[in-house]
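My entries follow in the order in which I looked.

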Amino acid sequence: VTPTIEYQHALQHGTRSTTGAPGPRYWQQWTDYTLFATLDPDAKRVTGRAEIVYHNRSPEALPVLFVQLDQNYNAPGAVRLREAEVTGGMELRRVAVAGQTLQAGTLDQGPCYEAFGTSMGIALSTPLPPGGQITLSFEWTFTVPQSGAGRMGWSDDNLFHIAYWYPQMSVYDDVVGWQTDAYTGEAEFYDGYGSYDVTVTAPVGWLISATGTLTNAAAVLPDEVRNRLAAAEQSDTVVHVITADDLAAGRATRTSPNGQLTWHFVADTVRDVAFSATRASRWDAARTAVGDLNGDGKTDYTRVDAL
C-alpha cells in the first residue's frame with residue numbers, strides 16, 4: 001500500500017515511521033481545560049464558561065486555531081446524516097484570546113472568530129510560535145436535546161447525560177494539520193489529549209457523575225454515603241452506596257442554603273469529558289483488579305460504579 005502524500009511528508013520529517021509507530025521527531029499538541037457548567041433541569045439548559053490553555057508543541061507557528069463546537073450538530077441548518085432535534089445549538093456569549101474579547105468575523109480580517117457548522121476558527125493577532133501557549137476564554141449556553149445523536153439527552157425529568165457540551169480544541173497533527181471535518185452524527189471523534197478541571201453546579205438532590213475523580217465529596221455527599229463509597233473501594237462485592245430509601249428521604253446529596261451544589265472533578269491525559277445528573281438513580285459500587293500498574297508486584301484496583 002502506497003502511503004498518502006501527507007504521510008510520506010511525515011516520514012520525511014521523522015514524525016512517523018513505515019511501521020506506523022511514532023518516529024523520532026513525533027509530537028502531539030496538549031490542552032489544559034478549566035470548565036464550569038451550570039445545569040438547569042427545569043429549563044433543560046446548560047450554561048458554561050471555560051479557560052483553555054493551548055500548548056503548541058508542533059514545529060510550526062499557528063496563525064489560526066480551530067475549535068470544535070459539536071453541540072451545533074443540533075443547530076438549524078447543520079449538515080447531518082441522520083435526523084436530530086433542533087435546539088439552536090451552542091449560543092456563544094463570549095470568545096476571548098489572552099483576555100481580549102473577540103468579535104465574530106471572517107478569518108482573513110485579523111483577530112476575530114468565525115463559526116461554521118460544528119467548527120470555529122480563531123484568527124490570532126500574532127501567530128502562536130512553536131513551544132508557545134495561549135489562553136482562550138469562552139462563555140456559552142445551550143438547550144439540552146432530549147435525545148442528541150444517541151450520546152446525550154434527558155429522560156423523565158430525572159436524568160441528564162451531557163456530552164458535546166464545551167468548546168474543544170480541534171486536533172492539529174503532524175500528518176494533515178488541522179482536523180476541521182464537520183460532525184455529522186455518524187463518525188467517531190478524533191480528539192487530542194489534555195488535562196481537565198471540571199466544575200458542575202446543579203440543584204440539591206441531583207447526583208453528578210463525570211469523567212475523572214470527584215475531589216470534593218465531603219462538600220456534596222452526606223457522611224453516610226461517603227462512608228459507603230469508601231467501603232466500596234475496598235470491597236470485592238457490591239456495596240449499595242445510594243439506596244431507594246436514601247432517594248425517598250432526600251439523603252442522596254447534602255443540602256445548601258441556596259439550593260445548589262457544586263461538584264468538582266479532575267482528569268488527566270484524557271481525550272474528552274462528559275457528565276450525568278440524576279435524582280432517581282440508585283448507586284452501586286465495588287472494586288475490580290486492574291493488574292500491577294505501578295510495577296511494584298502488587299495488584300492495583302479501581303472502583304466500578306453502576307447507577
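Which residue lies over the face of Tyr 301, and at what distance from the ring centre? I found Arg 287 there, at 3.8 Å from the ring centre, where a charge sits over a ring if NZ of Lys or CZ of Arg is within 6 Å of the ring centre and within 35 degrees of the ring normal. I noted a further case at Phe 36, whose ring has the charged end of Arg 49 over it, 3.9 Å from the centre.

Before going on I noted that this is a predicted model, in which local features need pLDDT of at least 70 and side-chain atom pairs count only at pLDDT 80 or more, while totals for chains, interfaces and linings use all residues. Residues are numbered from 1 along each chain as its sequence is written, and side-chain values use heavy atoms, with hydrogens and water left out.

**Aromatic pairs.** I counted 15 aromatic pairs, taking rings of Phe, Tyr and Trp (its six-membered ring) as paired if their centres lie within 6.5 Å, with planes under 30 degrees apart as stacked, over 60 as edge-to-face and the rest as tilted. Trp 27 and Tyr 172 are stacked, with 6.0 Å from centre to centre and 25° between the planes. This pair links parts 145 residues apart, since Trp 27 is in the loop between helix H1 (5-13) and strand E1 (30-40) and Tyr 172 is in strand E13 (residues 172-173); helices (H or I, at least four residues) and strands (E, at least two) are DSSP runs, numbered from the N terminus. Trp 27 is buried at a relative accessible area of 11%, and Tyr 172 is buried at 13% (buried means under 20% relative accessible area, exposed over 50%, partly exposed in between, with a 1.4 Å probe and protein chains only). Tyr 33 and Tyr 166 form an edge-to-face pair, because their ring centres are 5.7 Å apart and their planes are at 75°. I also traced a cluster in which ring pairs link Trp 27, Tyr 54, Phe 66, Phe 116, Tyr 172 and Trp 178.

**Asp 173.** This residue is in strand E13. I found Asp 173 buried yet without a salt bridge, the nearest side chain of opposite charge being Arg 16 at 5.0 Å (Lys and Arg count as positive and Asp and Glu as negative; His and the chain ends are not counted). A salt bridge here is a side-chain nitrogen of Lys or Arg within 4 Å of a carboxyl oxygen of Asp or Glu. Not counting residues up to four places away in sequence, Asp 173 touches Trp 27, Gln 179 and Tyr 190, contact meaning heavy atoms within 4.5 Å.

**Salt bridges.** The count comes to 13 salt bridges. Arg 16 forms one of them with Asp 174, the closest N and O atoms being 2.7 Å apart. Arg 16 lies in the loop between H1 and E1 and Asp 174 in the loop between E13 and strand E14 (177-178), so this pair ties together parts that are 158 residues apart in sequence. Asp 174 counts as buried, at 12% relative accessibility. Asp 191 and Arg 271 meet in a salt bridge at 3.9 Å, N to O; Asp 191 is buried at 6% relative accessibility, whereas Arg 271 is partly exposed at 34%. Finally, I noted a network of salt bridges that links Glu 224, Arg 228, Asp 246 and Arg 251.
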